[in-house]
Every structure is written in structure tokens, then in C-alpha cells.
Amino acid sequence: IGRQAFQAEADRIRSETGPFILFNTNYASINSIWGELENVYRLVTFAGLIDKDDPNAQRIFESWIAWENTNFAHLSHVLVWAAANVKSHKVVLRPHPGERVEHWERLAGNNPNVVIVPKSHPMPWIMASDLLIHTSCTTGLEAVLLDKPALNIEPYQDPAGDRITSLVNPTVKSSAEAIPAMARFLTSGDGLVADNEKCRQALEQYFPHYHEGGAAEAIARE
């Protein structure tokens, strides 16, 4: 039922854009609309994500930043490679709403094969795509629930805690692994991205009976 609300928009996107790979980013600390890292630190402590009275608060924050920087480097490499080498698909980039789009415009905006769509809703873009590339982003879970292939790049575990995307999406540790996996899937439809039985099992474990419909409908029936 939920995907029906986005189907017309997804169809329009597909018609206008053609086949595309979707890159979703999640670097709202290091590429933040709130400016310098000091501002981001004040925001996360004010929101209670980090206890400012914890003597390790600054170290915890710095570990988050290091994780974002690592992911950022790997995804940027794959994005630039795809823009230059993939001829069968457009490259669509959806920056996180908390990110500055100017960075991505400087990195890839001049490439005619790249489309940047800031402040856009993820659902219709995921539904219209042929493959989603991300770095431990929640849209990886949304993709698999929408029956869309996704590839997660996770060089190392998020210091803030486990992320389910590494279990429900095929996951690689580097751009060097991601590029051939992406290229193989786009050319032949097989390989790591398609061979995801373990991912389906993990999804069933954490979201049992997910294929039977939304939770609201189940609650209403009961």
C-alpha cells in the first residue's frame, strides 16, 4: 500500500531520467548545512546524542567524524568512477537534507551523466532506480523493503553502534570492492549484489512477515 503513494512519481522520474544508479549520501556532520564542526558538536550535544558532561564526549564525536570521512572518501571514489565509466546508466545523487549540495556540485556537477537532486524524497527515487549505492544509510533498508537492489560500502563498523543495513544489504569494505560489484551487476545482473540470500534471511529475522504488508494494516486487523 505504501509504495502506491509514490508510484506515479517514480514512473515520472524513470520516464524523464531513464535507467540510473542512485547514490544516497549521509555526511551531515562533515558536509553540514550548519557549517563548522563546532556547530555540529553543539547540536548533537544539545539534542542529547552525546552527553556533553561525559569526559569522553569529544573523543566519541571525533570517532563519528572519522567514520563519516572514511565513508565519504570511498563513496566519492565510486561516484566519480561511475560518472566517467558507466555508459548504460545515469548517475543520480541525492545528498542528505542536512548536507551542503555545493560540495557535490563541485565534485561531479559538471559531468553531463550526473543528476543531483537535493531536497528530494527518497522513496520515488529508490523505486525508479536500478541500483542504490550508499554507506550505511537508512535508505539501504528502505530499498530492500521496496525490493530494490542496494550495495552498502562499510569500511568499518559505525562507532555509534551496529547498523542493520550491513546485514540486509550486500556489503563491501571499500570502493575497490564496490566498483567491480556494481559494474558486474549492471552488465550481467549477477554477482554480489544479486546473490543476497543471507540478506533476505536477515531481513526476515529482524522484520518477520514484512512481505505481508504494513504494520498499521496488521494493527488495524487485530
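# Close-up views of a predicted model

**View 1. Y27, F72 and W104 together make up one aromatic cluster.** Rings of Phe, Tyr and Trp (the six-membered ring of Trp) are taken as a pair if their centres lie within 6.5 Å, with planes under 30 degrees apart counted as stacked, over 60 as edge-to-face and the rest as tilted. This is a predicted model, in which local features need pLDDT of at least 70 and side-chain atom pairs count only at pLDDT 80 or more, while totals for chains, interfaces and linings use all residues. Residues are numbered from 1 along each chain as its sequence is written, and side-chain values use heavy atoms, with hydrogens and water left out. The structure holds five aromatic pairs. Among them, Y27 and F72 are arranged edge-to-face, at 5.3 Å centre to centre and with 85° between the planes. Y27 lies in the loop between β1 and α2 (37–46) whereas F72 belongs to helix α3, so this pair ties together parts that are 45 residues apart in sequence; helices (H or I, at least four residues) and strands (E, at least two) are DSSP runs, numbered from the N terminus. Y27 and F72 are both buried, a word that stands for under 20% relative accessible area, with exposed for over 50% and partly exposed for what lies in between (1.4 Å probe, protein chains only). Y27 and W104 form a tilted pair, at 6.3 Å centre to centre and with 35° between the planes. This pair also links distant parts of the chain, since Y27 is in the loop between β1 and α2 and W104 is in helix α4, 77 residues apart. The relative accessible area is 0% for Y27 and 0% for W104.

**View 2. The largest nonpolar core has 27 residues, and those with the most contacts inside it are I21, F23, L131, I133 and M182.** Here a nonpolar core is a set of buried Ala, Val, Leu, Ile, Met, Phe, Trp, Tyr and Cys residues joined through side-chain atoms within 4.5 Å. At least two residues of this core come from each of β1 (20–24), α3 (57–85), β2 (90–94), α4 (101–108), β4 (131–134), β5 (150–153) and α8 (175–188). When residues up to four places away in sequence are not counted, I133 touches I21, L22, F23, N24, L75, L151, I153 and M182, where contact means heavy atoms within 4.5 Å. In soluble globular proteins, nonpolar side chains tend to be buried together.

**View 3. Six strands form an open sheet in the order β3-β2-β1-β4-β5-β6, with parallel pairing.** β3 (114–116) and β6 (171–172) stand at the edges, each with a single partner strand, so one side of each is left without a neighbour in the sheet. Two strands are said to pair if DSSP finds at least two bridges between them. The parallel strands β1 and β2 are joined by five bridges, and L22 stands opposite V92 in β2. Three bridges join β4 to β5, which also run parallel, and I133 is placed opposite L151 in β5. Both faces of β5 are covered, with A150 and N152 buried on one side and L151 and I153 buried on the other. Helix α3 lies across β1, β2, β3, β4 and β5 and runs at about 160° to β1; axes are lines fitted to C-alpha atoms, for helices over the stretch in contact, and angles run from 0 to 180 degrees between N-to-C directions.

**View 4. K119 has a positive phi of about 55° although this residue is not a glycine.** K119 is found in the loop between β3 and α5 (122–128), and at 75% relative accessibility K119 counts as exposed. D147, likewise a residue other than glycine, has a positive phi near 65°. D147 sits in the loop between α6 (139–145) and β5 and is exposed, with a relative accessible area of 56%.

**View 5. The cysteines C137 and C199 have their sulfurs 16 Å apart, too far for a bond.** With a disulfide taken as a pair of cysteine sulfur atoms within 2.5 Å, the count comes to zero disulfides. C137 counts as buried at 7% relative accessibility, and C199 is buried with a relative accessible area of 8%.
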